[in-house]
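Let's take a friendly walk through one protein model. Have the sequence and the 3D view ready as you read.

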Amino acid sequence: MNKENTNTTILNLKKGKDFEIFVESLAFGGMGLSKINDKIVFIKNAIPGQTVTARITKKRKSYFEARKLNIINESPDFSNPPCSHFNDCGGCTLQNLDYKKQLFYKRKQVFELYNKMGKFVNIKVEPILECGEQYYYRNKMEFSFSNKRWILKENDLGENKNFALGLHVPGRYDKILNINNCHLQHKTANAILNFVKDECIEQNIEPYDIKKHTGFIRHLMLRVGIKTNQIMVNLVTAYENKKILLPLASKLVKKFPEITSIVNNINSKKADIAFGEKEIKLAKNNYIIDMIGKFEFEISANSFFQTNTLQAEKLYEVIKEQCNFIGNEIVYDLYSGIGTISIFLSRFVKKIYAIELIKTAVVDAKKNALRNNIKNIHFFCGDLKDILKNDKLISLPKPDTIIVDPPRAGMHKNTIKDIVKLKPKTIIYCSCNPATQVRDIMELCNNNYKIIKIRPVDMFPNTPHIECVTKMEYKN
Ligand code: SAH
C-alpha cells in the first residue's frame, strides 16, 4: 500500500490514495472527523479516538472525504458491537462507540450547528436526554425483498443469492443484505421476519426486482405496540394477489398470537417505498394500538408514529415543559400526524388546532381523540405549504403557541412566513434533523423571534440521528 503517515502531505494526496490519520471527533451525520491544516477530513465508519488508514474518496475545496480501511489503534471509547450485521449494514453505525460518548458528540453537534451554521452566539444547549433502551427500541422496521442478495466473498457459504429479505447495504439501491436479527427492532419482530422469509422461500413467492421492475413481493413492514404488545404485519406487493398472501397470513396469526393486524399495501409504482396506493386487510384489524403516556393510539400502516415509543413519552414531556402552559392557551400543532402531541397536551390548554397532510393520519387522529375522550382538538387535513392561508383556517382564533414537528426536510418557506404572520408568543420546534431546524430557526429569528431553550433528545441510540426541541419567543 502506498501509505502516507503524515498530517502535512495530505494536501497533496489524490483521490484513491491511502494515508494514516487520527480521528478527533464525530461529525454531524456520523462520520469521523479530523482537521489537517484547516482542511476538514470526514472519515466514513471511523469513530473518535481511532488511528486508521483511510483512502480519499472525495476531494473538495474545503474538505476531503475518506473511507476507513484499517484500524491501527483502537479508540479508548470503543464498545463491542453486539450485532453480527454491523460491518455490512448501514443501519446503526455507532454501535462501536460507547453510549455516553454518542450522547456527548450528539450534543456537541447540535451546539456546532447552531453556533457555526446558524451563527447564533452565546447559545446554550441543554444536556441531551438519554434513552433508557439502547437496543430493540424501534417499534417499526421496513425490510425489502430482493432477487439480488448482497454477500461478501468471505461470508459466502454458497447460499441462494436469488432471494433476500433485509436492508439495503449503504450505497447500493439494487442489493439487499439478508438480515436475521435486527438489534433495533423488538425481539418478536425478528422471529416474524425470519418466519416470513422462510415461508416465502418455501412457497416460491417471487421477490421484486428493483432494476427490471418485475416480481411480486416488495417489502415487509413490522410494527409493534411496545406498550400493548400488539403487532402489525404489512406486506407490500407490486400487484394484488390474495391467493398468494392469505395462506401466509393465516400461518402468521396461528404462529404469533401477538399479531393483531395483517395488511397488504399495493405499490405498483417504481419508487422503492413501503407506501401503498391501495390497502387490503388480510387478517384481523387494519391498525394496532400503542400508548404514549396514558393515551391509546390507533395506528394504521401508512401513518407516522414516533418510532421509539418509550422515548416519545419523554420527548413530549420536554415539549410540554417548554410550552409552560397556564391553561387558557390556543395552540396550533403543525405536522400533527395521528394527533399524538395534541392529545398528550390537550388537558393543559383551552383549544388545539392540529394540521396534517396525510388523510389516513387525520382519520386516525380523530379516532384517537374520541378513543381518549378528548374534545378540545380540531383536526385539519392539508398541505402546510398553503393551508394556513385557507379561508377556513384564517378565521380561527390566533395561536398563543405554535408547535411544529416537520419531517427531515424541515418547513416550507411559505409555512415559516405564515407562522410569522400569526405572531404566536411562543414557538416550539421539534425536529429530527437539527440542520434544517437551524436553517428554519434562522429565518424565524430574522423575524423577531429569539431562542429560549435548546434540548436534544436521544430517540435513536447507536445511529447518528438526533432529535432536538427548541423553544422560541416573540421579542417585544
Ligand atoms: N407530530 C407527529 C408527527 C410528526 S412527523 C408526532 O409526533 O407523531 C411529521 C408529520 O408531518 C407526518 O405525519 C407527515 O405526514 C406530516 N407532513 C409532512 N409534510 C407535510 C406538509 N407539507 N403539510 C402537513 N403535514 C405534513
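Helix α2 (residues 187-202) has 16 residues and spans 23 Å from first to last C-alpha, close to the expected 22 Å; that expectation is 1.5 Å times one less than the number of residues. Helices here are DSSP runs of H or I with at least four residues, strands are E runs with at least two, and both are numbered from the N terminus. Keep in mind that this is a predicted model, where local features need pLDDT of at least 70 and side-chain atom pairs count only at pLDDT 80 or more, while totals for chains, interfaces and linings use all residues. Residues are numbered from 1 along each chain as its sequence is written, and side-chain values use heavy atoms, leaving out hydrogens and water.

Just after α2, Asn-204 has a positive phi of about 55 degrees.

Now for the sheet. It is open and mixed, with 7 strands in the order β10-β9-β8-β11-β12-β13-β14. Two strands pair if DSSP finds at least two bridges between them. β8 and β11 pair in the antiparallel sense over 5 bridges, and Glu-142 has Met-221 in β11 as its bridge partner. The edge strands, β10 and β14, each pair on one side only.

| Helix | Angle to strand |
|---|---|
| α2 | about 155 degrees to β11 |
| α3 | about 40 degrees to β14 |

Definitions and conventions:
Contact means heavy atoms within 4.5 Å. Axes are lines fitted to C-alpha atoms, for helices over the stretch in contact, and angles run from 0 to 180 degrees between N-to-C directions.
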